[in-house]
Amino acid sequence: MEYTLMTHIRRLVIDVLKPHEPSTLEFAQQVSEAESVAGVNASVIELDREVQNVKFTIEGESIDYDTVEAIIEDAGGSVHSVDQIACGEYIVEDAPTPQD
Amino acid sequence: MEYTLMTHIRRLVIDVLKPHEPSTLEFAQQVSEAESVAGVNASVIELDREVQNVKFTIEGESIDYDTVEAIIEDAGGSVHSVDQIACGEYIVEDAPTPQD
Amino acid sequence: MEYTLMTHIRRLVIDVLKPHEPSTLEFAQQVSEAESVAGVNASVIELDREVQNVKFTIEGESIDYDTVEAIIEDAGGSVHSVDQIACGEYIVEDAPTPQD
Amino acid sequence: MEYTLMTHIRRLVIDVLKPHEPSTLEFAQQVSEAESVAGVNASVIELDREVQNVKFTIEGESIDYDTVEAIIEDAGGSVHSVDQIACGEYIVEDAPTPQD
Amino acid sequence: MEYTLMTHIRRLVIDVLKPHEPSTLEFAQQVSEAESVAGVNASVIELDREVQNVKFTIEGESIDYDTVEAIIEDAGGSVHSVDQIACGEYIVEDAPTPQD
Amino acid sequence: MEYTLMTHIRRLVIDVLKPHEPSTLEFAQQVSEAESVAGVNASVIELDREVQNVKFTIEGESIDYDTVEAIIEDAGGSVHSVDQIACGEYIVEDAPTPQD
Amino acid sequence: MEYTLMTHIRRLVIDVLKPHEPSTLEFAQQVSEAESVAGVNASVIELDREVQNVKFTIEGESIDYDTVEAIIEDAGGSVHSVDQIACGEYIVEDAPTPQD
């Protein structure tokens, strides 16, 4: 089954593992430099002696995931997990349910 | 008793069980490709060695549930449960009550 | 004492007990088909082997409770409790108090 | 000391004790039928074998408390406590303080 | 040191101790009758056998504290504590800080 | 290193220690009388036999801290700590982070 | 790999360690004096005998991190950690996820 995906990724929340250098500031700036990215929020979750866990919330009209991942890997980090994706005509928020 | 259902499904919250491949990103994009779907939020709830639990919040003017389910199953996943449905002329939110 | 009730029910929150079939999706759609209903939110609260507990938040300009109940019973469910009612000229929200 | 009270009661939160019949739905409708009442929210707090505790949030431009109480008593219930009153030119909300 | 206070009290939160009679409803109405008071929210905090603790949130363009206190005392209550005051050109809210 | 500070203090949150007299009401009014102050919220945090802890949230276009402190000290209180400052072209709120 | 970073830093949340003097007020004012800074919120997190932990939330159209850090160090403090960065065309907020 083949899809030609026409949908737009509008928000990505990813958990990035990175060494202390380059800094989170540089990572965030480099990701936000990608043409498909409108803005980035990078929040440090945990600091280890060797590595840092940083949560990136990335927004754009049509985010190109592969470019985002390549920027992170070129800078020495890795995408540990993709935690949330919003795609389509607008950003759909995660709806709270009584089971949450 | 037979109904010809004319009502519109405007939001669906479903719990999807899926293998690690294809990725949640691809699942979300494929679901949002459905003609009846305006947007999708896919949030990872739990990661196992074999499977992932992903909560999908799907919005649209008139969502076709069967198509959504077929896309998920074609991609190798399954709808584990339907947790919330909003249908009618607009999205009615779950109203908090003192008993919640 | 006799009242000719002229007031409009604008929101109903009811706890419905239903078998697994027909699905919550069908229940929600059937309820939202009622002429007096503008929209329905159906959120699954609990799943048992035999039955499901589903919280329905129903909105409309002038909801006819008897029709709603008849639809649920025709579909094989029952209204376990009526948890919240808003009636009058607009929807009054439950006001928080220091004693809650 | 005598006051001719000119102020308007704009919101009343009362805790009502009632038997199972008439239903909360009927109580809420009857209260909202009062000329001075614009809208009613009735939320069930507790269910006993004999009685129910229902929290009523009542709004209006100038609520007549005595009429509200009479309706409740005529229907077989009683006002167990008055938990919140807002009166004056507009509805003043309970302001949170660090001591709450 | 003498000040001619020109500032306007715009919100007062006071804790009032009162007997069961007159009712909280009457207290709230009497306070809101004061010329300098635009609106009152009276929320019952605690009920004892002899006395009640009622939290009053009082708003106005320029509240006259002495009048408010006199009304409460004339009605048989007492101001147990003044918990919050907002004064000046507009109502400043209590700003949350990480130390709260 | 010398700065000629041109920036505007727009919000100050201070913790004030004061005797019971003059009252918190008088303190709040006196602080809000300062020319550079637009409004004051004074919330009582703790009451001792001898002293009171009052949290002041002070807003203005360009608050003069020294005047505020002088008013508090003239009235018999002391600034126990400065807990939050917002300065610049507008009030920046404390941004929540995952580490909070 | 070289980037010419064109992106704009719009919010910085940093944890600053500083001696008691100069005061947090002076620190906040000096940071907000930087040309690239529109506003600063400085909230005290912890007070030690020797040092203070202050959380700075800094906003601007295009914040120059190096200037901010230099101001803090010139004043005798140090940036203990950079906790959040928002950069791009607008401030992206940290998106809540079910895993938080």
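How many residues of chain B are in contact with chain A, and with how many residues there? I started my notebook with that one, bearing in mind that this is a predicted model. I found 25 residues on the chain B side, and they touch 28 residues of chain A.

**Entry: area.** Next I looked up how much surface the two chains bury between them. The figure is about 2200 Å², and carbon and sulfur atoms give 55% of that area.

Entry: I then checked for salt bridges and noted two between chain B and chain A.

**Entry: who supplies the chain B side?** I listed the elements of chain B that each bring at least two residues to the side touching chain A: strands S1 (9-19), S2 (39-47), S3 (51-59) and S4 (78-88), along with helices H1 (24-33) and H2 (65-74). H1(B) gives the largest share, with seven residues. Sorting this side of chain B by class, I got nine nonpolar, nine polar and seven charged residues.

Entry: Which strand of chain A is joined to S2(B) by bridges? I found S4 of chain A, residues 78-88, joined to S2(B) by five bridges, with the two strands running antiparallel. I picked out A:Cys87 to follow across, and its bridge partner in S2(B) is B:Val40.

Key. Residues are numbered from 1 along each chain as its sequence is written. Chains are lettered from A and ligands numbered from 1 in the order in which they are written. This is a predicted model: local features need pLDDT of at least 70, side-chain atom pairs count only at pLDDT 80 or more; totals for chains, interfaces and linings use all residues. Side-chain values use heavy atoms; hydrogens and water are left out. Contact means heavy atoms within 4.5 Å. Buried area is the accessible area (1.4 Å probe) that two parts lose on being put together, summed over both. A salt bridge is a side-chain nitrogen of Lys or Arg within 4 Å of a carboxyl oxygen of Asp or Glu. Helices (H or I, at least four residues) and strands (E, at least two) are DSSP runs, numbered from the N terminus. Ala, Val, Leu, Ile, Met, Phe, Trp, Tyr, Cys and Pro count as nonpolar, Asp, Glu, Lys and Arg as charged, and the others, Gly among them, as polar. Two strands pair if DSSP finds at least two bridges between them.
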